[in-house]
Amino acid sequence: MTQNTFTATFSSGGRESSALQRLLWNFTDTLVVMRRNLYAYQRQPELIVFATIQPVIFLLLFTYVFGGAIRFSTGGDYINFLLPGIIIQTILFASANTTVGLAVDLSRGIIDRFRSLPMSRAAVLAGRTSADTLRGLFTVLIMIVAGYIIGFRFEDLGSGLAGLALAVAFGYAVTWISATIGLFVKDPEAAQVAGFIWLFPLTFASSIFVPTQTMTEQWLRTFAENQPVSVIANTVRDLMTGTVNPDEIVLSLLWIAGIVAVFLPMAVWRYARVASR
Amino acid sequence: MNNNHAIIAENVVKHFGDIKALDGVSIAGETGKVLGLLGPNGAGKTTLVRILATLLKPDSGVVSVGGIDVLRHKQQVREIIGLAGQNAAVDEILTGRENLFMVGRLYHMPRRDANMRARELLEQFSLTEAGDRPVKTYSGGMRRRLDLAASIVARPSVLFLDEPTTGLDARARIAMWETIRELVSDGTTLLLTTQYLEEADELADRIVVIDHGHVIAEGTADQLKANMAADFIDITVADPAQTASASTLLSPLSTETPQIDDLRGHVVLAVDSGAQRIAEVVRLLDSQDIHIAELNLRRPTLNEVFLSITGEAIVEEEAKPKRRGPFRRRSA
């Protein structure tokens, strides 16, 4: 009865593991959790289907319903203005899944299980944010295909892909905000609302759908021109339409790095303390 | 630290705002034994388990598991513990096998070992057939078994089971008891919380009774019962109409006011030495021509123990009779 007691067969049995080992585990644990979250999308294809149909409908509505009116203010072809913007919108809205997903995991006690395992503390969150980012990327690729069908063209493939990469990087940063919200809200139903609500002002009071010059209220215009969604949307739009503006790119990257630098530690801090009920 | 006790909590305090979930609780779980933590809903059982399992930080107190300070070395504690909580914490979308494989990988087992362990556990918990179906198709009992299997993937030396049978039907519960018994037969230290007195009696080597954040009693099931220093005599009279007179007649023999149920004709006496009293019971009832339908001498149940310690009966959800009395017509 006394032998065997304090050794676990596969883990390191209560010894401190090396820093390198722990660094590696951060990575592998994240992959394990990411795989788990991707299975959910793979096995409930309706999640992906509707998440894809919605932005495509947005794309068509805006192009054909508002396109005529907006063309005057944007100058060129509205689809070339709109698609990069809608890509950002899609990526923002996809991040709401992170909020809901974490709240559901919390309410079902799965987070408790993860937290009782000797795994990396950041991995549960990183696995979630990266899976949701991949899902966002998938949706965006479909949007680009839909865009091509109705007349969108990359001016230059190289800078276009760079724009896509920047959009996805921004989406990844935003999922950390969503993760933080999910860990504070905890209730899945509330998370449905909380995951989206803050995205609306950021999405619409931005240069995603219309040029900010058309906003007449000065305070609104000042906000819209300087908030990160517009900064990213403008940069992505420029890249996709063949304009490379280094200042803009640097500013975008700073925003992305800043968001991750604030919200990743905050989410991990919250995760270590969160209680299911 | 005491090496004979794999689970130690000393003077643990945890308040949530005004609610004193734990108000200075001390428990010690002997290595290789089953410690039952018994108490009604809201007694603080889950809070204590969460603290021991590194999920929650106490306001004050000392906690160690497997000789490791839980507050200082969380990650090391996590290497040696297993936890199965109240609601089965398994992924609905994944299959049973994938759930177990995932947990194994998160314990940093190599893929092959994680696979083998998953197969082994599915077998052990009679889930092999359902192993490749998504968990959302499982019954409540199957989920609990899978949850339990997930908690022992890394063969933990200390296991925490928080109300492992709450919500299961009687058959699934008894099957679960059997599983838990096998699980701990190899020397795993188990802390088991339960609201079911019967469950603690069945599984635990030692029982700590907890209520409103305090330990109110502690000992083996027999010790807890012995503290009452009484046997019980259950009498059922043939004619329920005579219940009251039987009770009056026998009350001098009882150390407490007899409990009666005059619909069924039950009278329960608490007595010092049952064997001697039983003859007197028969003689007294016979002298008054009260016929006995049934007569039993027994040790007190844990419910009676709890009642005598706290002055409040535990409401057992399943045993609670449905109120279906006749409606009284209101006089107009």
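1. The loop at B:His212. In this predicted model, B:His212 sits in the loop of chain B that runs between strand E9 (206-211) and strand E10 (214-219). B:His212 is not a glycine, yet its phi is positive, at about 45 degrees. Most residues other than glycine have a negative phi. B:His212 counts as partly exposed because it has 16 C-beta neighbours inside 10 Å, and the partly exposed class lies between the limits of 12 or fewer for exposed and 20 or more for buried.

2. The loop at B:Thr54. A positive phi is also found at B:Thr54, with a value near 70 degrees, and this residue too is other than glycine. B:Thr54 belongs to the loop between helix H1 (45-52) and strand E4 (60-65) of chain B.

3. Domains of chain B. The domain assignment divides chain B into domain 1 (5-225) and domain 2 (229-299). How far apart do the C-alpha centres of domain 1 and domain 2 of chain B lie? The separation of these two C-alpha centres is 42 Å.

4. Chain B as a whole. Chain B contains 11 helices and 14 strands. Its C-alpha trace spans about 80 × 50 × 45 Å along the principal axes. Of the 332 residues in chain B, 48% are buried. As for contacts in chain B between residues at least 6 apart in sequence, 67% join residues that are at least 24 apart.

5. The contact between chain B and chain A. Chain B gives 37 residues to this contact, and chain A gives 30 residues. On the side of chain B that touches chain A, the elements that give two or more residues are helix H2 (74-80), strand E6 (81-84) and helix H3 (96-106). Which element of chain B supplies the largest share of that side? The largest share comes from H2(B), with 5 residues.

6. Residue classes at the contact. The residues on the side of chain B that touches chain A comprise 19 nonpolar, 12 polar and 6 charged.

Terms used. Residues are numbered from 1 along each chain as its sequence is written. Chains are lettered from A and ligands numbered from 1 in the order in which they are written. This is a predicted model: local features need pLDDT of at least 70, side-chain atom pairs count only at pLDDT 80 or more; totals for chains, interfaces and linings use all residues. Domain bounds come from an automatic or database domain assignment. Helices (H or I, at least four residues) and strands (E, at least two) are DSSP runs, numbered from the N terminus. Two residues are in contact if their C-beta atoms, placed from the backbone, lie within 7 Å. Ala, Val, Leu, Ile, Met, Phe, Trp, Tyr, Cys and Pro count as nonpolar, Asp, Glu, Lys and Arg as charged, and the others, Gly among them, as polar.
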